[in-house]
Amino acid sequence: MLDRLVGLSMLIAATAIFVYYTVWTLFMPFVDDDHFAHTLFLPRVWAIRIPVILLLLGTTVVGSFASVVMIQSNRKKALKAKQKKAS
């Protein structure tokens, strides 16, 4: 039951973020600058900065994880080869 609740909360969060970003990037440029709705959104420059930052962060995390796994795998292979050579 907990997994369904977590999945539902993630779906709701993703949908809310998608709707917010879509309105922010596609509809707000056509709204007058003095309209109160502009107070609900960040400046437009962040519409580009946020995805770029998230992309760089995600790439860094995935690359770091892959590097750590490859280094550990290489160490295990070297240790096995050293043990095999010693016996």
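1. The centres of domain 1 and domain 2, taken over C-alpha atoms, are 32 Å apart. The assignment for the protein chain places domain 1 at residues 1-41 and domain 2 at 45-86, the bounds coming from an automatic or database domain assignment.

2. This is a predicted model, in which local features need pLDDT of at least 70, side-chain atom pairs count only at pLDDT 80 or more, and totals for chains, interfaces and linings use all residues. Residues are numbered from 1 along each chain as its sequence is written, and side-chain values use heavy atoms, with hydrogens and water left out.

3. One salt bridge is present in the structure (a side-chain nitrogen of Lys or Arg within 4 Å of a carboxyl oxygen of Asp or Glu). Asp33 pairs with Arg44, and their closest N and O atoms are 4.0 Å apart. Both residues lie in the loop between helix 1 (2-27) and helix 2, so the pair ties together parts that are 11 residues apart in sequence. Helices are DSSP runs of H or I with at least four residues, numbered from the N terminus.

4. Asp33 is exposed at 66% relative accessibility, whereas Arg44, at 45%, is partly exposed. Exposed means over 50% relative accessible area, buried under 20%, and partly exposed in between (1.4 Å probe, protein chains only).

5. A nonpolar surface patch includes Tyr20, Leu42, Trp46 and Leu57, and its members together have about 800 Å² of accessible area (Shrake-Rupley method, 1.4 Å probe). Patch residues have over 30% relative accessible area and no salt bridge, nonpolar side chains being joined within 5 Å and like charges within 9 Å. Helix 2 (residues 46-86) contributes the most, with six residues; Leu57 lies in helix 2.

How values were computed. Helix = DSSP H or I, 4+ residues; strand = E, 2+ residues; numbered from the N terminus.
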